[in-house]
Amino acid sequence: RRRKKKKIRVYMDGCFDMMHYGHCNALRQARALGDELVVGVVSDAEIIANKGPPVTPMHERMIMVKAIKWVDEVIPDAPYAITEGFMKKLFEEYNIDYIIHGDDPCVLPDGTDAYALAKKAGRYKQIKRTEGVSSTDIVAGRMLLCTRERSIIDSHNHSSLQRQFSHGHSPKIEDGGPGTGASTRVSHFLPTSRRIVQFSNGKGPGPQARVVYIDGAFDLFHAGHVEILRVARGLGDFLLVGIHNDHTVSAKRGAHHPIMNLHERSLSVLACRYVDEVIIGAPSEVSKDMITTFNISLVVHGTVAENVEYEKKRNETKGESEKRYYEDKTYVSGD
Ligand code: CTP
C-alpha cells in the first residue's frame with residue numbers, strides 16, 4: 001500500500017504591523033514552499049525590545065494574519081528570534097519542516113542573525129522581499145509626513161519620526177515641497193498583471209451563486225475591514241468587493257487620501273480569505289448596469305456613514321437589489 005505523502009509544513013514569523021500587500025506577498029510565497037503555512041505573530045513586548053513599538057497591537061495583528069488566505073495556522077506571542085528552545089518546539093510540537101523569512105537581513109540588537117540557528121540546522125528557506133512597501137514607509141513616509149500641517153514638522157522631527165518608526169528599513173522620504181499633496185506620497189509600487197493573478201482565486205461565481213457586493217476605499221486594510229468582509233461573505237456564496245479609485249477617495253476624504261493607492265488597496269483586499277473577487281476602481285455608486293453585469297443579489301455596507309448626502313444618493317439605488325445595513329458599530333463602514 002502506498003503511504004500517504006507527508007505534508008510539508010512551513011513556518012514564517014513576523015510582526016505584521018499595519019498589514020500591507022508586502023506581508024501578504026511574503027505569506028503567499030511562504031505557503032508555496034510547502035503544503036501548510038503556520039505563522040508566528042511576534043508579541044508586542046518582543047517587538048518593543050527589538051525594533052520599537054508597533055502601531056497595531058497583538059490582537060489586531062492576529063486578526064490580520066488569520067484573515068490572509070494563505071495562512072493555515074497562527075501562533076500568538078511568537079519570539080522575535082528563533083531560539084534553540086522555540087525551534088525545538090516548532091519541529092516537535094508543530095511538525096515544522098522549514099522556517100522561512102524574507103531576504104532582508106534580520107539582525108538582533110546584539111548584531112546576530114535572528115535565523116542563525118535555523119540556517120545551521122539546514123531548515124531555513126528564503127523568499128523575496130517585496131519592493132516598495134514597508135510599515136515604516138506607510139507610517140513615517142506616508143501618514144505622518146503627508147498631512148496638510150506637514151510644514152510644522154521641521155526637518156529635525158522628520159528624522160526623529162523616521163527613527164521612531166524605522167523598523168530596520170528606512171523609508172525614502174520624497175519631499176515635493178508644500179502644497180504638492182498627493183505627489184509627496186511615497187509609493188514605489190509597480191503593479192503587474194502577474195502579481196494580480198498570483199493574488200487571485202481565479203474562479204468566478206457559479207451560475208446559481210448568490211453574489212454579495214460591498215464597496216469602499218479599504219485604505220490601510222485593518223481589522224474592521226476584515227470583520228465586515230467576513231460578515232458580508234457569510235450572506236452569500238461569492239463576495240465581490242469594489243475598490244474605489246484614488247480620485248473618488250480623495251474627493252470624499254481630502255487631497256491626502258488615500259494613503260495606499262488603488263492597486264495596493266486592491267491587493268490587500270484580494271489577499272483576504274473572505275474575498276472572491278475585486279473590481280479595481282469601482283464607481284462610488286452602485287449602478288443598475290453593475291448589478292446586471294456582475295449578477296449581484298445583495299449590496300452590503302456598514303452603518304458608519306462619512307457623508308450623509310453621499311449615503312442618501314446611494315440609497316436611491318435601493319430596490320435594484322436587496323440591501324442591508326449593519327448596526328454593529330464595530331463595522332468600520334464599507335470603507
Ligand atoms: N516582508 C516582505 N516584503 C515587505 C515587508 C515584509 O517580504 N515589503 C516579509 C519580511 O521579510 C518577513 C515578513 O514579511 O518575512 C514579516 O515582516 P515583519 O516582521 O512584519 O517585518 P518587516 O520586514 O520589518 O516589515 P515592515 O518593514 O513592513 O515592517
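Biologist: How many bridges join strand 1 to strand 2?
Modeller: Please keep in mind that this is a predicted model. Six bridges link strand 1 with strand 2, which covers residues 36–42, and these two strands run parallel.

Biologist: Which residue in strand 2 is the bridge partner of Tyr11?
Modeller: The partner of Tyr11 there is Val38.

Biologist: And what is the order of the strands in the sheet?
Modeller: The sheet is open and has five strands, in the order 3-2-1-4-5, with parallel pairing. Strand 3 (73–78) and strand 5 (124–127) are the edge strands, and each of them pairs on one side only. From one strand to the next, the twist averages 30°.

Biologist: Which strands does helix 1 touch?
Modeller: Helix 1 packs on the sheet and touches strand 1, strand 2, strand 4 and strand 5. The direction of helix 1 makes about 140° with that of strand 2. Helix 4, residues 84–92, also packs on the sheet, where it touches strand 1, strand 3 and strand 4. The direction of helix 4 makes about 120° with that of strand 4.

Biologist: Let us turn to the ligand. How many residues surround it, and which are the closest?
Modeller: The ligand is surrounded by 21 residues, and the closest are His20, Lys51, Arg129, Val133 and Ser135. By class, this shell has six nonpolar, eleven polar and four charged residues.

Biologist: Which helix and strands each supply at least two residues of that shell?
Modeller: Helix 1 (21–32) does, and so do strand 1 (9–14) and strand 4 (98–102).

Biologist: What lies 2.8 Å from an oxygen atom of the ligand?
Modeller: That is a polar side-chain atom of Lys51. A backbone N or O atom of Ser135 lies 2.7 Å from an oxygen atom of the ligand. For Val133, a polar backbone atom is 2.7 Å from a nitrogen atom of the ligand.

Note on methods: Residues are numbered from 1 along each chain as its sequence is written. This is a predicted model: local features need pLDDT of at least 70, side-chain atom pairs count only at pLDDT 80 or more; totals for chains, interfaces and linings use all residues. Side-chain values use heavy atoms; hydrogens and water are left out. A residue is near a molecule or strand if one of its heavy atoms lies within 4 Å of it. A polar contact is a pair of N or O atoms within 3.5 Å; within protein, one must be able to donate a hydrogen and the other to accept it, and residues adjacent in sequence count only if both atoms are side-chain atoms. Helices (H or I, at least four residues) and strands (E, at least two) are DSSP runs, numbered from the N terminus. Ala, Val, Leu, Ile, Met, Phe, Trp, Tyr, Cys and Pro count as nonpolar, Asp, Glu, Lys and Arg as charged, and the others, Gly among them, as polar. Two strands pair if DSSP finds at least two bridges between them. Axes are lines fitted to C-alpha atoms, for helices over the stretch in contact, and angles run from 0 to 180 degrees between N-to-C directions. Contact means heavy atoms within 4.5 Å.
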